[in-house]
Amino acid sequence: MDSLTITINGKQQQVNADPNMPLLWVIRDLLGLTGTKFGCGVAQCGACTVHLNGEAVRSCVTKVSRAAGQQITTIEGLSKGNDHPLQIAWAQLDVPQCGYCQSGQLMSAAVLLRENGNPTDQDIDDAMSGNICRCGTYPRIRAAIHKAAQMQREGVKS
């Protein structure tokens with residue numbers, strides 16, 4: 001076990017963990033932030049997506065030692081009051097079905113909208129292709145991303 005300093009959702013924290021422990025387990029089991037989900041464990045489904053220095057990463061295969069000293073954002077840190085345009089659009093369009101993949105979907109979509117404020121359907125499909133929804137809510141996810149992009153262009157800020 002090593003004592004590692006990580007900054008998660010803007011808060012610096014010390015954790016005692018094996019440096020090879022997946023970041024997901026630190027987030028969920030050591031810090032109690034359960035919004036990030038375990039899906040496949042091999043970076044194929046995207047349920048565990050978080051931001052590491054603003055980039056979407058799969059926390060199930062990211063070693064905590066890689067995240068030490070970096071900025072980590074989980075779904076709990078995407079906005080202060082669940083008022084990110086994506087979160088608003090998700091609620092307005094009733095996107096989730098079972099909801100299991102939704103935090104990973106939102107984290108990937110947030111990176112897309114930061115990099116491309118007016119994505120096409122193809123841009124969305126390409127950016128979200130690594131996030132699997134077993135309920136098949138892809139049309140609602142795409143619609144919500146378009147709505148959130150429009151909200152951002154109109155000045156809705158998180």
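Select L86 first. Setting aside neighbours within four places in sequence, L86 contacts L106, A109, A110, L113, I145 and A148. Keep in mind that this is a predicted model.

Now widen the selection to the largest nonpolar core, which has 20 residues. L86, W90 and I145 touch the most other members of this core. Colour four helices next: α3 (85-92), α4 (102-115), α5 (121-128) and α6 (138-153). Each of these helices supplies at least two residues of the core. In soluble globular proteins, nonpolar side chains tend to be buried together.

Another core lies apart from the largest one. It has 16 residues, including V15, V26, L33 and A67.

Move to the sheet. Five strands make an open sheet, in the order β2-β1-β5-β3-β4, with mixed pairing. Which strands stand at the edges? Select β2 (11-17) and β4 (55-58): each has a single partner strand, so one side of each is left without a neighbour in the sheet. From one strand to the next, the twist averages 40°.

Zoom in on β3 (residues 49-52) and β5 (residues 71-73). These two strands pair in the antiparallel sense over two bridges. Show H51 and T73: H51 stands opposite T73, which is in β5.

Finish with the helices that pack on the sheet. Helix α1 (residues 23-30) touches β1 (2-8), β2, β3 and β5. The direction of α1 makes about 105° with that of β2. Then return to α4, which also packs on the sheet and touches β3, β4 and β5. Its direction makes about 40° with that of β3.

Methods. Residues numbered from 1 in each chain as written. Predicted model: local features only at pLDDT ≥ 70, side-chain atom pairs only at ≥ 80, totals over all residues. Heavy atoms only, no water. Core = buried A, V, L, I, M, F, W, Y, C linked by side-chain atoms within 4.5 Å. Buried < 20%, exposed > 50% of the residue type's maximum accessible area, 1.4 Å probe, protein only. Contact = heavy atoms within 4.5 Å. Pairing = 2+ DSSP bridges. Axes fitted to C-alpha atoms, helices over the stretch in contact; angles between N-to-C directions.
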